[in-house]
Amino acid sequence: MLHAVVGSDFAENEVGELTDEIYERLGIRIEATELYEDGACACTVCSISSRR
């Protein structure tokens, strides 16, 4: 069964600022990508590399 994607507008269209803030606070680099559905941002996916 399909469900509508719901959520907040947190950091919508501000991925660059979000990744910068995470780096400043935590000292780690992430890759963030916004996924869109029906022309609206559905979610933000964050990829974090291993620290080996």
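Strands β1 (residues 30–37) and β2 (residues 40–48) pair up antiparallel over eight bridges; pairing here takes at least two DSSP bridges between two strands. The model is a predicted one, so local features need pLDDT of at least 70 and side-chain atom pairs count only at pLDDT 80 or more, while totals for chains, interfaces and linings use all residues. Residues are numbered from 1 along each chain as its sequence is written, and side-chain values use heavy atoms, with hydrogens and water left out.

**The hairpin**
- β1 and β2 make a hairpin with two residues between them, and aspartate 38 in that turn has a positive phi of about 55 degrees.
- Leucine 35 has cysteine 43 in β2 as its bridge partner.
- Glutamate 34, for its part, stands opposite threonine 44 in β2.

**Overall layout**
- Helices (H or I, at least four residues) and strands (E, at least two) are DSSP runs, numbered from the N terminus.
- Of the 52 residues in the protein chain, 17% count as buried; buried means under 20% relative accessible area, exposed over 50%, and partly exposed in between (1.4 Å probe, protein chains only).
- The protein chain exposes about 4600 Å², with carbon and sulfur atoms supplying 50% of it; areas come from the Shrake-Rupley method with a 1.4 Å probe, and for residues only the protein chains shown count as cover.
- Among contacts in the protein chain with a separation of 6 or more, 12% come from residues 24 or more positions apart, a contact being heavy atoms within 4.5 Å.

**Two residues to look at**
- Valine 45 sits in strand β2 and counts as partly exposed because its relative accessibility is 34%.
- Not counting residues up to four places away in sequence, valine 45 touches Glu31, Ala32, Thr33 and Leu35.
- C-alpha to C-alpha, valine 45 and glutamate 31 are 8.2 Å apart in space, and 14 residues apart in sequence.
- Alanine 4 lies in the segment before α1 (15–26), and it counts as exposed because its relative accessible area is 64%.
- The C-alpha atoms of alanine 4 and alanine 42 are separated by 9.6 Å, with the two residues 38 apart along the chain.

**Rings**
- Arginine 29 lies over the face of tyrosine 23, at 3.8 Å from the ring centre; the cut-offs for a charge over a ring are NZ of Lys or CZ of Arg within 6 Å of the ring centre and within 35 degrees of the ring normal.

**Confidence**
- Mean pLDDT (the predictor's confidence in each residue, from 0 to 100) is 82 for the protein chain, and 88% of its residues reach 70 or more.
- Among the elements, α1 has the highest mean pLDDT (90) and β2 the lowest (82).
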